[in-house]
Amino acid sequence: MTKILSVKNLVIKFHTFDGVVHALNNVSFDLQKGETLAIVGESGSGKSVSMLSLLHLLPMPPAKIENGEAWFYGAGKEPVDLLKLNRSGISKIRGGKIGFIFQDALSALNPVMTIGRQISESTMEHLGLSHAKAKEKTIKLLDRVGIPGARQRYDNFPHQFSGGMRQRVMIAVSMACNPKIVIADEPTTALDVTVQAQIVDLTKELQKEFKIAVVWITHDLGVVAGMADRVLVMYAGAPVEIAEAQDLYANPQHPYTIGLMNALPSVKGHEDSRLTSIDGMPPDLMEEPHHCQFAWRCPYTFDRCWKEIPQQIMVGENHVVSCFFDVENRRPRGHV
Amino acid sequence: MQRYILSRLIQSFIMLVGVLFIVFFMLQLTGDPVALMVSRNASPEQVEELREELGFNRPVMVQFADFVSKAVRGDFGMSLRHHQPAMELILERLPATVELASMALLFAMVVGIPLGLLGGSNPGSIWDTLARGAGLIGQTIPNFWLALILIMVFAVGLGWFPSFGRETRQFMGLALPTKSVILPAFALGLFTMGQLVRFTRSAVLEIKNEDFVRTAYSKGLADRRIYIKHILRNAAIPLISILGVQFGYLLSGSIYIETIFSWPGLGNLLAESIGNRDFALVQAIAFFTSLVVVSLNLTADIAYGMADPRIRYGE
């Protein structure tokens, strides 16, 4: 497998009137060509911020990228650092090389522009297509994402579609210019469950067909299990565990991941057994982290957890965890 | 859409009936017009005779019914002062007012909308300071004061423009505006310009943060395209209704400006006829102005519906 994206030591702070919000603290991960990486975590853990920042889509100010690199290997022979690109440089990547699917397609689509135009304007910009050619390509694409009567629907407006159909249009927008990566920011959250499954299936199909790497941001571990190759678990602005999906479900290493797994309802569970939850609240991001951010809620803390920020430790092939404690063996990890 | 237009039509009609009612009865409260028309030492018999001749001795309700039935045929009676049909006088003066209002609106749009767009898209920049300044000045400077200053500086002092009156240039049967319209149009349009700057600026600021604008950026579109096709296109919808209201205001609200610049328009005529208690003429102008405002609002509402697909394709 070859890398398509490599993010290193990304640090983002929001400078607000109330103080500095430490949104991302040292985020590093790789994305392989054609794989699906799920990023899970609760609200405010930095899932969306990390991906929006790569395409300069965060409002800056207040957001500021304090440190980090994001090497993208899909634009020509040489890798480029997305964070260092200028306006015109990043415009070529946006939509052209990296597509975005947003959560609520109703508000994410322009209400007064036909959906056809919203797709074809992107292909005209990046692929240099003429009006007529862009329209033909768009109609094919609408047909491919499962919009019945695509030719007639080309001239419809977003409010004339159902929620699921709108999300299909959104997918078509993101994939219109044959990107290398598609970032899906909770695309199924606003949809009902049967439609969710259709959208997940459609994304998987298109991903195979066009060989796209997908980053799927979600807090739904059920969706993750069904589609992700690898999972990145985030907590309070930092990745706590990265592993292959099956490995993560079978063998979670970080106390937070373990807590999440225990909070899932199980088919085999006893009828009257209650779901467990993780005690406590996520930390206040206004304070600069000096130690493990999960320490307040962690049942396994020992003195070191309150003194240092844990680095990423390899605990298996493709399995990385940021924790000083080896939960399985009930002892602190040695220096690795 | 048809239902939408129909409901607006009905609303407009009800509004006009209300206007007729108010116009007629308000004037009844101002005193006896006949007292102004006869000489000071006329005998009571003579006054009574004139009242009878002009129909002012009939019961008020009868006068009103008579007024309405004639009004719907465009007959507002004879001007008491000019001895000419009121409607004829209005139509005579109309071109001057339309010229002034159109020029004022043109000035307000050409300056106001781009300035609001520039300010709203770069908040905190020099453009934004300029936009906010223009908005504030436009909305706070009283136009009658501004008119006097303009005359002092540009007409009397520098002699660039005439200080009063309207001149036109004939071209293929059309009376084209000359520089005589510039000072009054500027004085009249400044308030509307301020409104448009402020409105455009805040609409752009708001729409800039909408999700669909982020989507537009995520597609890698050029800034210019995003501002024109995505932001301004959405801001234009509420802007249309503002423009309708403002044009109505400009067409009807130019009494001060027309009087100061001796502009031979409707506002001037209205001021004069109120002073003369010229019943028929005041009623005719008031009704005519309302008709213009109501139909402009109706047009704006329909245009608003056409511009917004959510209404156009609604039920």
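Tutor: Start with S6(A), which counts as buried because its relative accessibility is 1% and the limit for buried is under 20%. This serine is found in strand 1 of chain A, residues 3–16. Its side chain is joined to that of D30(A) by a polar contact of 2.9 Å. The model is a predicted one, and every value here is computed from it.

Now the salt bridges. Side chains of opposite charge can pair when their charged atoms come close. Over all chains, a search of the whole structure finds 15 salt bridges. One of them is between E35(A) and R230(A), whose side chains meet at 2.9 Å, N to O. E35(A) sits in the loop between strand 2 (19–32) and strand 3 (36–40) of chain A, and R230(A) in strand 9 (residues 230–235) of chain A, so this pair ties together parts that are 195 residues apart in sequence. Both partners are covered: E35(A) is buried at 2% relative accessibility, and R230(A) is buried with a relative accessible area of 12%.

A second pair is E42(A) with R297(A), where the closest N and O atoms are 3.9 Å apart. This pair links distant parts of the chain, 255 residues apart: E42(A) is in the loop between strand 3 and helix 1 (47–54) of chain A, while R297(A) is in the loop between helix 11 (255–262) and strand 11 (313–316) of chain A.

K47(A) belongs to helix 1 of chain A and is buried, with a relative accessible area of 5%.

R144(A) is in helix 5 (residues 131–144) of chain A and E205(A) in helix 8 (residues 193–210) of chain A, so the pair ties together parts that are 61 residues apart in sequence. R144(A) is partly exposed at 27% relative accessibility, and E205(A) is partly exposed as well, with a relative accessible area of 41%. Elsewhere, E121(A), K219(B) and R225(B) are joined into one network by salt bridges that share partners.

That leaves chain B, with a nonpolar surface and a helix to note. L6(B), L9(B), I10(B), F13(B), I14(B) and V17(B) form a nonpolar patch on the surface, and together they have about 600 Å² of accessible area. One of these residues, V17(B), lies in helix 1 (residues 2–28) of chain B. V17(B) is partly exposed, with a relative accessible area of 42%.

Helix 5 of chain B covers residues 86–121, and its 36 residues should span 52 Å at 1.5 Å a residue; the end C-alpha atoms are 50 Å apart, which agrees. This helix does have a kink of about 40 degrees, located at L94(B), shortly before the proline P95(B).

Note on methods: Residues numbered from 1 in each chain as written. Chains lettered and ligands numbered in written order. Predicted model: local features only at pLDDT ≥ 70, side-chain atom pairs only at ≥ 80, totals over all residues. Heavy atoms only, no water. Helix = DSSP H or I, 4+ residues; strand = E, 2+ residues; numbered from the N terminus. Expected span 1.5 Å × (residues − 1). Bend = angle between axes of the 7 residues up to and from the residue. Patch = residues over 30% accessible without salt bridge, like charges linked within 9 Å, V, L, I, M, F, W, Y side chains within 5 Å. Areas by Shrake-Rupley, 256 points an atom, 1.4 Å probe, with all protein chains shown as cover. Salt bridge = Lys/Arg side-chain N within 4 Å of Asp/Glu carboxyl O. Buried < 20%, exposed > 50% of the residue type's maximum accessible area, 1.4 Å probe, protein only. Polar contact = N/O pair within 3.5 Å; in protein donor to acceptor, adjacent residues only side chain to side chain.
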